[in-house]
Every structure is written in C-alpha cells, then in structure tokens.
Amino acid sequence: MKYLDHFYVDGRFVPARDRRQRVVINPATEEPAGSIAMGTAEDVNAAVVAARKAFSTYGRSSREERLEMLRRVLALFDERAEEFAQLTTLEMGAPITFARQAQIAGSRAHIADTIRILEHFEFERLAGRTLLAFEPVGVCALITPWNFPVLQIVTKVMPALATGCTIVLKPSEYAPISPMLFAEVLHDAGVPPGVFNLINGDGPTVGEAMSSHPDVDMVSFTGSTRAGVQVAKNAADTVKRIHQELGGNSANILMPDVDLEPAVTKGVLGAYRNAGQSCTAPTRMLVPRQLHEKAIGMAKRAAESVIIGDVNDEATTLGPVMNERQFERVNSLIESAVREGATLVTGGSGRPSSLNRGYFVRPTVFGHVTKEMTVAREEMFGPVVSLIPYDSVDEAIEITNDTPYGLAAYLQSKDLGAAKRVASMLRAGQVMINHPAWDASAPFGGFKQSGNGRECGEFGFEAFLEVKAIGGLHEG
C-alpha cells in the first residue's frame with residue numbers, strides 16, 4: 001500500500017514532519033500489517049490552512065460541480081471495492097464476506113445516498129416571507145473510529161463534500177490503511193486541492209489539535225463517550241459546532257407474543273455482527289420470564305452455530321476484536337458477569353480452544369442477568385449477549401431506558417401496533433422492529449450520552465449546513 005508514511009494535504013501526498021511510526025497490527029494474526037506516520041499539531045495546522053483557503057472557492061461551488069465530482073468518487077470506489085474489502089480484513093480482522101457485504105457495500109450505499117440527496121436538496125426555501133439559505137458550515141474536522149473504518153469516514157466525508165465544506169480527517173490509528181486508499185480515490189476523482197486533507201495520528205495529539213484549532217468551524221466525532229467528552233471540552237473555547245456519535249448499550253425487547261426461536265437466533269447473531277464491535281449491537285436481550293429458560297437454549301444453539309477461524313475464508317462469520325486492549329476489556333466484563341452471578345450458558349473468557357493466536361473472543365451467552373450487573377450496564381463491544389428476564393412490558397421499558405446511553409433499541413413482536421406504542425416510550429435514536437432491512441437513509445445518532453446530532457440521510461446532510469435567514473426579498 002502506497003503513502004502509509006505520508007499524509008494527504010492540499011491535494012498532495014506529503015511526507016510527515018515527524019519520523020515517528022506506528023505499527024498497525026492485524027488482530028487476526030497479531031502480526032504487523034504495516035506502519036503509519038504519526039502526525040503533529042504542525043501537520044494539523046498545515047491541513048487546516050489548506051482547508052480554509054480551499055473553502056473560499058469550494059464553498060461557492062455549484063450543485064452540478066459537486067454532483068459530477070461525487071459521481072466520479074462512486075465510480076472509482078466501485079472499481080476498488082475488493083481492494084477496500086481486503087484492506088478492511090487485513091487491518092481489523094473483519095471476515096472477508098462481512099467486509100464485502102457490510103463494511104464496503106454499506107459504504108457504497110452511503111455514497112450513493114448522498115448523491116441522491118444532493119440531486120434534490122433545496123438549498124433555498126421560503127418560511128413565511130423569509131428566504132432560508134442553507135450554506136456550508138466551513139472547515140470540518142472529522143474524527144472517525146476503527147470499527148467501520150471506511151463506512152464511518154464515508155458517512156462524514158460525503159455529506160461534507162456534498163454541501164460545500166472542506167475537511168481535515170483523522171482516521172483511527174488502529175485502522176488507518178483503508179482510509180489512505182480512500183484518499184487515493186478522492187485524489188483520482190479530482191477533489192480540488194485543500195478540500196480534503198488527511199492526517200494520521202492519535203487523539204491526544206492530532207485529535208486535540210483539530211478540535212481546538214481556531215480555524216475549524218465544526219468537529220464531527222465518532223467514538224467512545226469518554227473521548228467525545230474530551231473533544232467537546234477542547235472545542236468549547238472556540239464555540240465550534242460539535243457533532244457526536246458515541247457509545248451505546250442497546251436492549252432487544254422480546255415481547256410476550258414473540259415467535260421465540262427466530263427472534264432469539266436473529267438477536268444473538270445480530271449482537272455478534274462485526275464481532276460485537278458496533279455501538280448499536282443488541283447485547284441486552286430482554287425476555288419474558290416465562291420464556292427465559294427456553295430462550296437460553298435457543299441462544300446457546302445460535303451462539304454455537306457461529307463459524308470462527310480464518311478471516312479470509314468466505315465461510316467464517318466471526319472475527320477477532322480489534323486489539324489486545326479490547327480483548328482484555330471484553331474478557332474482563334465476561335469474568336465480572338460470572339463473579340456477579342450470571343449463568344454462563346456458552347463461551348466464556350479466553351480465546352477459543354481451536355485458535356492459538358489472534359484477539360478472538362468466544363461467542364458468549366449469559367442467562368439470568370439482572371439490570372444491576374456490570375455486563376448489563378457497560379457497553380460491551382464484543383460477541384457477548386446477556387439474557388435479562390422481565391415480568392411486564394412496563395418493566396422491560398424501564399430496564400431498556402435505565403442506561404446513560406440511548407443510541408438504539410430493538411423490539412420483536414407480532415403486533416406492530418403494540419410495538420409502535422412501546423417504541424414511542426424508548427429513549428433511543430433508532431428503534432428497530434422485527435429486524436427490518438437496513439436503510440442507508442435512516443438518520444443515525446442517539447439520546448443522552450450516546451451523542452448529539454445525526455448522521456446519514458437528510459439529517460446527516462443538514463448537519464454540515466448553516467441556516468441563513470434573509471428578509472426583505474418577499475414582502476407583501
């Protein structure tokens with residue numbers, strides 16, 4: 001892979017100012033996958049200067065100019081889709097089938113959806129006698145996580161480009177290889193110099209320099225709640241717009257009328273998606289008490305149907321967690337559940353016995369979990385499902401909402417009317433009923449400590465726009 005020791009600034013791949021390198025570890029093998037240069041505050045400043053200069057012209061570009069550019073991006077992305085998938089498997093251990101069908105196909109869907117929105121978006125509209133003009137925010141600092149390394153970049157970069165903003169991007173230092181390929185795609189698509197810039201590095205150095213920079217107008221951050229709080233503090237002195245997609249601890253309510261076995265099976269496999277490394281993973285499965293023992297057996301069968309192993313094998317369905325720190329954290333949470341009295345149904349701490357390397361976590365199910373247990377309180381980010389019995393739907397609602405997070409919730413019921421009534425009482429940014437098909441246009445974001453603002457669809461598009469009210473043009 002070219003340019004790993006470079007950054008992308010002002011339309012060129014430029015050498016890093018500092019000689020520091022960081023080794024990127026393949027989590028499936030624990031072997032090096034490459035190394036990247038680590039940025040400094042000076043690198044960030046050069047990127048911001050380029051973005052500020054470019055905004056003076058790109059911010060006034062026409063819809064048609066931006067559409068032509070984004071269509072070129074989509075065409076080039078399609079040409080290199082398999083390369084993106086292979087790099088995603090290399091740097092984060094995603095099974096190749098999942099990398100193709102979810103990580104990269106999902107990214108492509110978001111690019112296409114941004115183009116669709118731009119084609120029809122009303123940048124000027126009347127409100128009474130006042131003209132509302134929607135204009136680009138300006139220079140945007142985008143900080144993205146490792147769990148969906150290309151998709152999370154796309155959901156920020158594409159609407160920013162579509163609305164006329166300029167960008168400084170910091171990908172996760174744990175998954176920085178596929179983002180460099182994305183920079184190549186944007187370069188080859190003819191994105192003007194300075195409009196898109198990429199600096200690799202860590203949060204305390206590069207992330208802080210970006211979020212506190214006085215010439216940055218907006219920070220869009222996806223990551224942990226703890227890091228999101230720090231980003232907001234860094235940005236506060238210059239009164240930037242802050243857009244945050246943070247942690248989650250999603251509940252999956254199985255209603256009393258549920259068709260139990262398919263609901264349990266889909267719930268378990270959904271929680272294991274991306275090795276459980278999704279902030280919307282339905283890790284808390286709430287089951288009517290009278291169905292709890294049956295659900296335990298069904299959950300065990302579902303967990304033990306997972307195929308773990310070579311992530312380059314198309315049959316593999318579960319890969320490793322991202323790094324040693326995450327491996328240790330998930331295993332610590334598993335051990336805490338055992339200590340606190342949960343029933344270990346299958347799985348447990350440690351690597352699967354069939355593997356002697358890689359940060360693989362056993363697909364784990366706990367039964368008889370109570371809402372007070374640590375495993376039910378904290379974000380898991382690993383392939384672990386906790387079955388929590390409840391006695392009434394009101395209690396299930398209370399348990400679901402009894403968390404500092406509010407990103408997503410799930411409901412399984414034959415009665416859509418009842419499910420809709422329950423959905424209205426859940427404090428979550430997304431509520432999915434009966435595992436609907438994924439929708440790239442659905443706004444994504446949360447309540448409470450899961451963040452503020454929304455990504456994806458029109459709401460994610462509007463996040464990069466300011467509203468200007470112009471009076472006096474339509475009097476009488």
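Colleague: Before we start, what should I know about the model?
Modeller: The model is predicted, so local features need pLDDT of at least 70 and side-chain atom pairs count only at pLDDT 80 or more, while totals for chains, interfaces and linings use all residues. Residues are numbered from 1 along each chain as its sequence is written, and side-chain values use heavy atoms, with hydrogens and water left out.

Colleague: Okay, strand 13: buried or exposed?
Modeller: Strand 13, residues 284-288, is mostly covered, with 5 of its 5 residues buried, where buried means under 20% relative accessible area with a 1.4 Å probe and protein chains only. Arg-284, Leu-286 and Pro-288 are buried on one side, and Met-285 and Val-287 are buried on the other. Strands here are DSSP runs of E with at least two residues, helices are runs of H or I with at least four, and both are numbered from the N terminus.

Colleague: Which way does strand 12 run beside strand 13?
Modeller: Strand 12 (residues 251-254) and strand 13 run parallel and are joined by 3 bridges, and two strands pair if DSSP finds at least two bridges between them. Ile-253 has Leu-286 of strand 13 as its bridge partner. Strand 13 is also joined to strand 16 (residues 384-390), again in parallel, by 5 bridges, and there Leu-286 has Ile-388 as its bridge partner.

Colleague: Switching topic, what is the strand order in the open sheet of 3 strands?
Modeller: The order is 5-6-20, with antiparallel pairing. Strand 5 (124-127) and strand 20 (465-470) stand at the edges with a single partner strand each, so one side of each is left without a neighbour in the sheet.

Colleague: And how many bridges pair strand 5 with strand 6?
Modeller: Strand 5 and strand 6 (residues 130-136) pair over 4 bridges, and one of the residue pairs is Glu-124 with Ala-133 in strand 6.

Colleague: What about holes inside, how many cavities of 30 Å³ or more?
Modeller: The count is 4, a cavity being a set of points on a 1 Å grid over the protein atoms alone where a 1.4 Å probe fits but cannot get out, with lining residues having an atom within 4 Å of a point. The largest cavity holds about 90 Å³ of space, a volume being the space filled by probe spheres set on the points, which are joined across faces, edges and corners.

Colleague: Which helix gives the most to that lining?
Modeller: Helix 4 does, with 4 residues, and helix 4 (96-120), helix 5 (151-163) and helix 15 (457-462) each supply at least two. The lining of the largest cavity includes His-110, Asp-113 and Phe-461.

Notes
1 Å grid on protein atoms, 1.4 Å probe; cavity = no way out; pocket = protein on both sides within 12 Å on 5 of 7 lines; lining within 4 Å. Buried < 20%, exposed > 50% of the residue type's maximum accessible area, 1.4 Å probe, protein only.
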